[in-house]
Amino acid sequence: MKRLLFFLAVLIIAVLIGIQIKLNPGYVLISTQHTLIEARLWISILALMIIFSVLYFLVRTLKFTGSIPFRWSHWRSREKKLKAAKLTYQGLMDLAKGEWAKAQKQLLKEVSSSPAPLINYLGAAIAAQRDANIEKRDSYLHQAYEAMPKAKLAIALVQGQLQYTDGQYELALATLKEVLRISPRQKQALKLLGKTYEHLNDWHHLSELLPDLQKYQAVDENQFSEMAFVAYYHVFDDVKDEKQLNHLWKQAPSYVREAADIVSLYVRALIRLNEINRADDIIRQYLKRHWDLELVLLFGQLKLENSKKQLTQAEAWLKQHAHDAVLLYILGILAERNQLWGKAKDYYLASLEIKPMPETYAAYAKLLEQQGEVKESLIYYRKGLRQLIEPAAE
């Protein structure tokens, strides 16, 4: 219907133009120096239209002809990119399948035409390392830098990961530090740096890295706790004097000083350096805020000058922890140290009633033996031995 209306409109216009030409043919007169050209108006208009059409056609033809080399180049470039993309896909598939040599060949074959050459070079670097060719790996990484200088951070991170995986910890250390210089919050770099310090046994630097690991959540809570424990275990173990130990303790973040296992390490270091009073103070202050059985056991190991006061302190804890087998065991030790034999026996028996522990059996049996109750002591020695054997058998 639309076409019919269109043709009808064209027909009407043509008829009107024809009538106009018939009624008013008009003319055009062109005069030059010695030439006079006269023609009908409508014929002149038609001639001009024909001349314009021919010129337009010639211009379009020349433009199309001139663009043929560009069109050819564009088509070739597109074909190369398609081929490069296909080779990249094949190379990544070979990498996933563990075909290292083939993966390198496919990834690098048309890398200059690849829409993402960084992927090609990094994939080839990974394949080269898996193929135990470190020289090629480093070459591919260098080419990646040259191809995409702006991707320095990503390339360095992959390089650090590969160096770490290959056991090149010193090189990984330098690379990861460079990554963190560019991007201090880079989680993967922080995590790898922490692991690198562990492999290098660089516990002091690991302890200094802990605040950033926690702040930027580079590792989960379990990994962080393990790293912190190992770092401070070695740091405190290396300390040679009390001044250095306390300096390290003051420098440690507050959340580290609140971790019971690390507080225990600090207390053990104080005991090793014969700073018994300081250890006593740390234990008592911590147990006011958090109850921890490891620190209770360490408290019992302290050989304070005033052992009676030590027993009084432990008995004060009993008010809130009356059914704590470990505390009752320590109370037995402290009572025995104060030569309160009857009280010591009561504490040991109360502890065994709540939770039979081999060390409690042994301490009670030894006390009985010292008191001349040999037969009774043998019974408890056997019970303690059985307590040791049965869990091991299970």
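Reply: We will go through cores, a surface patch and salt bridges.

Reply: This is a predicted model, where local features need pLDDT of at least 70, side-chain atom pairs count only at pLDDT 80 or more, and totals for chains, interfaces and linings use all residues. Residues are numbered from 1 along each chain as its sequence is written, and side-chain values use heavy atoms, with hydrogens and water left out.

Me: Which residues have the most contacts inside the largest nonpolar core?

Reply: In soluble globular proteins, nonpolar side chains tend to be buried together. A nonpolar core is a set of buried Ala, Val, Leu, Ile, Met, Phe, Trp, Tyr and Cys residues joined through side-chain atoms within 4.5 Å. Buried means under 20% relative accessible area, exposed means over 50%, and partly exposed is in between (1.4 Å probe, protein chains only). Here the largest core holds 79 residues, and Leu213 and Phe236 have the most contacts inside it. Helix H17 (residues 325-337) gives the most to this core, with 10 residues. Helices are DSSP runs of H or I, at least four residues, numbered from the N terminus. Another core of 15 residues lies apart, with Leu118 and Ala151 among them.

Me: What does Leu213 touch?

Reply: Contact means heavy atoms within 4.5 Å. Leaving aside neighbours within four places in sequence, Leu213 is in contact with Leu190, Lys191, Ala218, Val219, Phe224 and Met227.

Me: Which residues make the nonpolar surface patch?

Reply: Patch residues have over 30% relative accessible area and no salt bridge, and nonpolar side chains (Val, Leu, Ile, Met, Phe, Trp, Tyr) are joined within 5 Å, like charges within 9 Å. Areas come from the Shrake-Rupley method with a 1.4 Å probe; for residues, only the protein chains shown count as cover. Leu48, Ile50, Ile51, Val54, Leu55, Phe57 and Leu58 make a patch of about 710 Å². Ile51 lies in helix H2 (residues 41-97).

Me: How many salt bridges are there?

Reply: A salt bridge is a side-chain nitrogen of Lys or Arg within 4 Å of a carboxyl oxygen of Asp or Glu. The whole structure has 12. One joins glutamate 178 and lysine 152 (3.5 Å, N to O). Glutamate 178 is in helix H7 and lysine 152 in helix H6, 26 residues apart.

Me: Where do arginine 268 and glutamate 294 lie?

Reply: Their side chains meet in a salt bridge at 2.2 Å, N to O. Arginine 268 is in helix H13 and glutamate 294 in helix H15, so the pair ties together parts 26 residues apart in sequence. Arginine 268 is partly exposed, at 39%.

Technical notes:
Helix = DSSP H or I, 4+ residues; strand = E, 2+ residues; numbered from the N terminus.
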